[in-house]
Amino acid sequence: MIIRLPFMSFRTTRRILVLRILLVLLVTSLAVTTLRFGEYPFTNAEVLNVLTGGGGLRVNMIILDNRLPRLRSAVGTGLAFGIQVATL
């Protein structure tokens, strides 16, 4: 199967494509779950509201200033370790 996008094209199998989609969904759901739980738990609606530009001052501060940078560094570190292992 060849997937063509305006800026690139690549060859893959259906199995790999489904695996990649499931992996992205898993990381996204774990990211939202990570943003929800902590000393002050929030609902999914509150987290998504903050990520789309809404929310109150307290919720914005906790999610955007405390939890989101920690999540970004965790995902970045995981990607870096994955790339490092793939190159070995």
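This is a predicted model: local features need pLDDT of at least 70, side-chain atom pairs count only at pLDDT 80 or more; totals for chains, interfaces and linings use all residues.
Let me start with helix H1, which covers residues 14–36, and helix H2, which covers residues 44–51; their axes lie 9 Å apart, and the packing angle is about 100°. Angles of 65 to 115 degrees count as roughly perpendicular, and H1 and H2 are therefore described as roughly perpendicular to each other. On the H1 side the meeting residues are Val 32, Leu 35 and Arg 36, while H2 brings Asn 44, Val 47 and Leu 51. Sorted by class, this contact of H1 with H2 has 4 nonpolar residues, along with 1 polar and 1 charged.

Moving on to H2 and H3, we find axes that come within 10 Å of one another and cross at roughly 80°, so this pair, too, is roughly perpendicular. The class count for H2 with H3 is 5 nonpolar, 1 polar and 1 charged.

Finally, the surface: which residues make the nonpolar patch of about 530 Å²? They are Leu 23, Leu 26, Val 27, Leu 30, Val 75 and Leu 79. Both H1 and helix H3, the latter spanning 57–87, supply at least two residues each, although H1 gives the most, with 4 residues, and Val 27 is one of the patch residues found in that helix.

Terms used: Residues are numbered from 1 along each chain as its sequence is written. Side-chain values use heavy atoms; hydrogens and water are left out. Axes are lines fitted to C-alpha atoms, for helices over the stretch in contact, and angles run from 0 to 180 degrees between N-to-C directions. Angles under 35 degrees count as roughly parallel, over 145 as roughly antiparallel, 65 to 115 as roughly perpendicular and the rest as oblique. Contact means heavy atoms within 4.5 Å. Ala, Val, Leu, Ile, Met, Phe, Trp, Tyr, Cys and Pro count as nonpolar, Asp, Glu, Lys and Arg as charged, and the others, Gly among them, as polar. Patches are made of residues with over 30% relative accessible area and no salt bridge: like charges are joined within 9 Å, nonpolar side chains (Val, Leu, Ile, Met, Phe, Trp, Tyr) within 5 Å. Accessible areas come from the Shrake-Rupley method with a 1.4 Å probe; for residues, only the protein chains shown count as cover. A salt bridge is a side-chain nitrogen of Lys or Arg within 4 Å of a carboxyl oxygen of Asp or Glu.
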